[in-house]
Amino acid sequence: MHGIRKSFDRVPVLTDVDLEVLRGEVHALAGGNGAGKSTLMKILQGVYSKDSGSIEVDGRPVELTSTHDARAVGIGMVFQEFSLVPTLTVAQNIALGAEPLRAGLIRDRAAVARAREVFAQMEVDVDPTATLGRLGTAYWQLTEIAKALAQDARVLIMDEPTASLARHEADNLFELVGRLRSRGISVVYISHRMDEVFRIADRITILRDGRRLLTERLSDLTPAQVVAGIVGQETTGEMSYRERAARPVSDDGSDAVPALELRGVTAGPRVQDISLSVAPGEIVGLAGLMGSGRTELARAVFGIDPITAGQVLVRGRAVRLGDPRQAIAAGIAMIPEDRRAQGLVLDHSVRDNLLLPLLSRFTRGPLVDDRSARKAARALVERFRVKVADDSKAVRRLSGGNQQKVVIAKWLGTGPAVLVMDEPTAGVDIGTKTEILETIRGLADEGVGVLVISSEYPELLAVSDRVVVLREGSVHRVLARADIPDENVLQLAAQGA
């Protein structure tokens with residue numbers, strides 16, 4: 001890719017960007033949220049058209065005006081924003097656009113067989129006949145990866161492919177990437193996780209503010225240098241645990257009452273008789289492998305999935321959680337794991353998304369007090385440092401990290417007693433991740449009870465006072481932070497040790 005330029009609404013997103021990927025190379029593409037990584041790759045995939053510049057594949061100029069054009073020249077992509085159809089099966093999604101046919105009819109058995117073959121190569125266990133919409137986000141990510149691999153791509157773009165994967169599943173993916181490289185397949189690997197980048201990539205290109213900052217062999221760089229290139233300042237990129245002073249118990253003893261308490265909660269097959277508590281000002285991490293019931297528990301606490309047994313108490317009072325409205329009224333807010341599908345209305349403005357949970361504050365009869373609403377939205381943008389020039393623009397135009405800030409800001413505007421966060425830093429850069437973790441700590445310091453779900457164990461150790469480990473839908477272990485010397489302890493606990 002030579003001299004690539006792209007603007008949206010006359011705002012430059014890419015300016016004269018060059019990218020060279022060698023055959024059989026794993027080439028990391030890094031940069032902060034809004035640096036232009038996803039836009040550059042969507043141009044290579046034919047999703048966006050470039051404003052100027054040129055693209056060559058195997059030394060030949062190509063024009064990529066659609067994903068079909070990209071597929072025809074051997075370019076496949078694992079999207080950070082899923083390009084899947086939830087009402088179809090896993091196998092049908094993998095075959096979508098390239099269905100096996102006989103006499104004009106789709107051969108479903110052949111599609112299932114091909115899906116099983118790809119999953120076997122990936123060394124993951126996914127049922128190809130399952131309806132995708134009934135599976136968790138991690139299974140969507142695995143299906144997205146399998147879909148790209150099934151197209152026999154010679155250049156495979158992976159945009160945050162491990163964001164929803166447990167460690168052993170990510171290890172399988174890295175081994176698969178190694179096998180692809182040995183077969184001469186090139187991989188463009190986008191990730192904010194420095195350990196992944198240095199583990200599997202040969203070279204790295206860093207973008208900053210829509211321009212190419214550098215392209216170097218990773219063997220010639222340190223993680224600190226890469227992080228400095230991404231965020232624009234020297235930093236180790238490490239997340240250290242900060243001891244927080246214990247909150248004093250108030251005179252009336254209200255702080256001694258849990259902000260959230262679950263007593264024998266059961267909700268479907270993956271949430272079985274779970275009891276735990278979160279004190280005001282406490283951060284409780286929720287760890288476990290994919291399928292352990294972490295997300296399902298969060299959905300039950302927020303009233304999305306029905307609770308069939310047990311009790312939920314907020315500030316000592318039993319609450320009924322028949323739907324999210326009742327959860328919100330009880331003082332519970334939730335940051336979902338898939339911000340685009342579950343946390344935002346993408347075609348609405350940043351302002352509208354921020355104000356959705358707050359509209360009742362600004363209504364006067366059938367009318368909305370626009371002046372007060374705009375002022376409140378601007379305050380949230382400033383407080384959470386959302387990078388947006390005009391909050392009337394559609395939220396889909398923001399980078400992933402800034403979209404996540406909008407999701408967090410809109411719920412914190414409600415002043416919740418309990419905040420449930422499911423993978424709050426998935427797919428965000430190191431700088432934004434640090435901001436989000438500091439926000440979590442700050443909320444706890446203000447007395448909010450926080451339940452954090454994360455597949456990144458260093459992240460849990462960076463913020464949690466205690467960690468609850470789930471296994472097969474039940475509480476396996478409860479660990480105080482002082483009893484967890486490193487992430488290996490959590491990993492062993494999640495695996496049943």
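Q: What relative accessible area does aspartate 58 have, and which class does that put it in?
A: Aspartate 58 sits in the loop between β4 (52–57) and β5 (60–62); helices and strands here are DSSP runs numbered from the N terminus (helices are H or I with at least four residues, strands are E with at least two). With a 1.4 Å probe and protein chains only, buried means under 20% relative accessible area, exposed means over 50%, and partly exposed is in between. Aspartate 58 comes in at 43%, so its class is partly exposed.

Q: Before we go on, what is left out of the side-chain values?
A: This is a predicted model, in which local features need pLDDT of at least 70 and side-chain atom pairs count only at pLDDT 80 or more, while totals for chains, interfaces and linings use all residues. Residues are numbered from 1 along each chain as its sequence is written, and side-chain values rest on heavy atoms, leaving out hydrogens and water.

Q: What is the phi of aspartate 58 near?
A: Aspartate 58 is a residue other than glycine, yet its phi is positive. The value is near 55 degrees.

Q: Aspartate 273 also has a positive phi; is aspartate 273 buried or exposed?
A: Aspartate 273 has a phi near 55 degrees, and its place is the loop between β13 (260–266) and β14 (274–278). Its relative accessible area is 57%, so aspartate 273 counts as exposed.

Q: Which residues does glycine 184 touch, leaving out those up to four places away in sequence?
A: You'll find glycine 184 in the loop between α6 and β10 (186–190), just after α6, with a positive phi of about 85 degrees. Its relative accessibility is 26%, so it counts as partly exposed. Contact means heavy atoms within 4.5 Å, and the residues glycine 184 touches are Arg23 and Gly24.

Q: How far apart are the end C-alpha atoms of helix α6?
A: The expected span of a helix is 1.5 Å times one less than its number of residues. Helix α6 (residues 167–182) has 16 residues, so it should span 22 Å. The distance between its end C-alpha atoms agrees with that: 23 Å.

Q: How many of the residues of α15 are buried?
A: Helix α15 covers residues 400–412 and reaches 19 Å from its first C-alpha to its last, close to the 18 Å expected. This helix is mostly covered, and the buried count is 13 of 13.

Q: Which residues touch the most other members of the largest nonpolar core?
A: A nonpolar core is a set of buried Ala, Val, Leu, Ile, Met, Phe, Trp, Tyr and Cys residues joined through side-chain atoms within 4.5 Å. The largest one here has 80 residues, and those touching the most other members are Leu262, Leu297, Ile332 and Leu490.

Q: What does leucine 297 touch, not counting residues up to four places away in sequence?
A: Leucine 297 belongs to the largest nonpolar core. Its partners are Leu262, Val271, Ile274, Leu276, Leu286 and Leu470.

Q: How far is alanine 150 from isoleucine 94, C-alpha to C-alpha?
A: Alanine 150 lies in the loop between α5 (137–149) and β9 (155–159), and its relative accessibility is 18%, so it counts as buried. It is in contact with Ile94, Arg114 and Val118, leaving aside neighbours within four places in sequence. Alanine 150 and isoleucine 94 are 56 residues apart in sequence, but in space the gap is 7.0 Å.

Q: How far apart are serine 349 and aspartate 391, C-alpha to C-alpha?
A: Serine 349 sits in the loop between α11 (339–343) and α12 (350–355). Its relative accessible area is 9%, so serine 349 is buried. Among the residues it touches are Asp391 and Ser392. Serine 349 and aspartate 391 are 42 residues apart in sequence, and in space they are separated by 6.5 Å.
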